[in-house]
Amino acid sequence: MAPNRRRNRNCILAMASLLVIVVAAVITAGCTAGTSTPGAVAGPSWTLDSYLAGNGTLVPVLPGTEISARFDDDGKVTGSAGCNGYGGDYNLDGTTLSISSLAQTQKLCTEPEGIMEQEAAFMDLLGSAAECRIEDDRLEIIDAAGTTTLVFVKGHAAAALAAGTSWTLASLAGEDGALIPVLDGTTVTVAFDTDGNVGGSAGCNHYSADYTVDSASLSIGPAVRTEMYCSEPPGIMKQEDRYLALLANVTSYRVEGGERLVLVDREGADLLVFEEVVRTPDLPFVGTDWVLESYSTGGDAVSSPVNGTKITANFDDGNVTGNAGCNHYGGEYSLDGANLSISSLYSTLMYCETPGVMEQEGRFMSHLANVSSYRVESDRLVLTDETGTDLLFFVQAPAVPPAPLAGTEWTLESYSQDGETVSSLIVGTTVTATFSPEGKVTGSAGCNAYGAGYLLDGAKITIEPPISTKMNCNDPEGVMGQENTYLNLLPSVSSYRVEGNHLVLSDATGADLLFFMQAPLDEAR
């Protein structure tokens with residue numbers, strides 16, 4: 001029987017049609033071939049796995065180096081060549097790829113050996129691209145002769161922006177684009193958390209912003225910062241402004257050797273170079289002396305404390321105590337995991353005339369009452385309300401060596417007759433105490449001078465009934481009643497403690513009666 005030529009012809013036509021469809025599908029996908037899952041070169045970050053060496057074989061990149069490429073939708077390719085950042089234009093038509101206008105920064109790296117030779121080879125091979133192919137998570141760049149010259153893998157080899165890692169700025173781009181080191185005596189930091197927040201110290205002020213990251217793409221929103229002004233070292237505020245402006249221009253990042261974080265703009269230029277800071281363990285919430293760094297003034301706005309004021313907090317044994325900027329305060333707190341509630345707040349009743357201090361104190365106390373949770377980040381404490389808004393930002397207070405009990409002049413700040421209700425001194429009065437090494441305590445009770453003997457036994461102290469002069473003061477009103485209360489409280493004291501530059505005298509039940517502060521040096525003289 002003669003062969004069915006019509007049937008064979010139909011079969012050939014069908015196969016040809018199928019071949020056309022397959023080829024069209026490959027061209028439409030772009031950089032895809034074989035049995036791979038269709039994918040596009042644009043979007044993900046690619047890390048170089050191997051490249052064509054002079055002997056005609058593919059060799060792996062040098063250990064400790066990272067070469068990357070990112071193809072954006074707008075026809076730009078950027079990345080790290082191992083030492084320098086680079087950028088250029090690319091055009092993709094099906095599997096045909098051309099890369100042009102390549103430019104790179106001009107740093108010289110000496111480690112590891114051969115890094116600059118590898119970089120030069122990479123840039124030459126990238127510029128000779130004629131075709132590309134994607135197979136699974138592997139991108140191959142092919143030259144005009146059909147030779148595979150560069151092999152990339154998807155993703156960032158360093159597994160980069162590790163949340164919780166702190167980075168310290170080493171250099172930043174100047175107005176001419178050249179990288180310059182940070183000013184001596186300044187520390188600029190950045191840390192990215194898992195909730196899309198980035199923050200740190202800009203050198204003088206604390207700052208925070210939102211960020212989004214997708215592979216090696218990084219976008220940082222406008223930063224909010226506190227409102228302090230620093231004059232030392234010269235140029236610190238100009239550096240801070242420059243740093244925050246550069247942050248807003250970041251479009252991508254890379255991590256070099258796991259120890260350097262480089263933030264890059266859309267042209268591939270390095271803007272900010274950080275070095276990893278070894279994270280220190282979080283300080284304990286309880287028992288740490290905290291000093292307020294900034295506080296919320298509504299929305300995303302934060303403010304630094306008024307110059308010359310110091311707001312503190314110490315949480316211990318269910319009680320929170322500190323200075324609100326003018327008055328001492330206290331209260332109770334309870335913990336349930338990271339949940340925190342503060343109640344029964346009270347404060348002394350002094351009035352401070354420095355503009356803004358009393359308004360600041362009122363806001364601080366109101367924030368304390370609204371706290372519902374906390375978090376400790378290394379040496380920082382953040383108190384947050386039930387909506388998740390950060391209200392109060394503390395840092396660990398600098399260590400202050402305790403002033404010696406004997407030989408220090410102490411000025412009374414407040415007192416309590418029952419161990420619960422605390423009263424401030426009458427405005428215009430000064431009560432002092434100086435404990436001599438010879439066992440005598442002397443000072444001013446507000447109107448009259450007084451003196452008494454005292455005896456120490458460890459933290460226990462016994463004060464004899466004081467003897468005073470016999471003047472009568474009519475001004476300010478109430479001064480004599482306050483003086484009598486003070487002199488009557490002294491013999492009730494049975495223990496003392498010195499906390500930095502504060503002295504607290506307590507009775508036999510442990511109730512705090514008298515609260516002193518070390519007198520300023522000029523006042524003590």
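**View A. The C447–C473 disulfide in the predicted model.** The torsion about the S-S bond of C447 and C473 is about 75°, so this disulfide is right-handed. The model is a predicted one, and in it the sulfur atoms of C447 and C473 sit 1.9 Å apart. C447 is buried, with a relative accessible area of 10%. C473, on the other hand, has 22% relative accessibility and counts as partly exposed. A quick reminder for the views that follow: a disulfide is a covalent bond between the sulfur atoms of two cysteines.

**View B. The C83–C109 disulfide.** Here C83 is joined to C109, S to S 2.0 Å. The S-S torsion of C83 and C109 comes out at about 80°, so we call this disulfide right-handed. C83 is in the loop between strand 4 (76–80) and strand 5 (85–93), and C109 is in the loop between strand 6 (96–104) and helix 2 (115–127), so the bond ties together parts that are 26 residues apart in sequence.

**View C. The C204–C230 disulfide.** C204 and C230 are joined with an S to S distance of 2.0 Å. About the S-S bond of C204 and C230 the torsion is about 80°, so this disulfide is right-handed. Once again distant parts of the chain are linked: C204 belongs to the loop between strand 13 (197–201) and strand 14, C230 to the loop between strand 16 (224–225) and helix 3, and the two are 26 residues apart. C204 is buried, at 9% relative accessible area. If you are keeping a tally, the count for the structure comes to four disulfides.

**View D. Y243 in the largest nonpolar core.** The largest nonpolar core has 27 residues, and the members that touch the most others are Y243, L263, L272 and F274. Several elements give two or more residues to this core, among them strand 10 (166–173), strand 14 (206–214), helix 3 (236–248) and strand 19 (270–277). Zoom in on Y243 and you will find contacts with L169, L172, V188, T189, V190, A202, Y207, L272 and F274, leaving aside residues up to four places away in sequence. In soluble globular proteins, nonpolar side chains tend to be buried together.

View E. The whole structure holds 15 aromatic pairs. One of them is Y243 with F274, an edge-to-face pair with 6.3 Å from centre to centre and 75° between the planes. This pair links distant parts of the chain, with Y243 in helix 3 and F274 in strand 19, 31 residues apart. Both Y243 and F274 are buried. The rings of Y486 and F516 have centres 6.4 Å apart and planes at 70°, so that pair is edge-to-face too. Y486 is in helix 5 (residues 479–489) and F516 in strand 38 (residues 512–518), so to speak a link between distant parts of the chain, 30 residues apart. Y486 is buried at 2% relative accessibility, and F516 is buried at 1%.

**View F. An aromatic cluster.** F285, F315, Y333 and Y374 form one aromatic cluster.

**View G. Y454 and its surroundings.** Look for Y454 in strand 33 (residues 449–457). With 11% relative accessibility, Y454 counts as buried. A polar atom of the Y454 side chain lies 2.5 Å from the backbone oxygen of S436. Not counting residues up to four places away in sequence, Y454 touches A406, F435, S436, P437, G439, K440, V441, I461, T462 and I463. Between the C-alpha atoms of Y454 and E438 the separation is 9.0 Å, and these two residues are 16 apart along the chain.

**View H. T384 in strand 27.** T384 has its place in strand 27 (residues 380–384). T384 is buried, with a relative accessible area of 5%. Leaving out residues up to four places away in sequence, T384 touches N370, V371, S372, S373, R375, T389, D390 and L391.

How values were computed:
Residues are numbered from 1 along each chain as its sequence is written. Side-chain values use heavy atoms; hydrogens and water are left out. A nonpolar core is a set of buried Ala, Val, Leu, Ile, Met, Phe, Trp, Tyr and Cys residues joined through side-chain atoms within 4.5 Å. Buried means under 20% relative accessible area, exposed over 50%, partly exposed in between (1.4 Å probe, protein chains only). Helices (H or I, at least four residues) and strands (E, at least two) are DSSP runs, numbered from the N terminus. Contact means heavy atoms within 4.5 Å. A polar contact is a pair of N or O atoms within 3.5 Å; within protein, one must be able to donate a hydrogen and the other to accept it, and residues adjacent in sequence count only if both atoms are side-chain atoms. Rings of Phe, Tyr and Trp (its six-membered ring) pair if their centres lie within 6.5 Å; planes under 30 degrees apart count as stacked, over 60 as edge-to-face and the rest as tilted. A disulfide is a pair of cysteine sulfur atoms within 2.5 Å.
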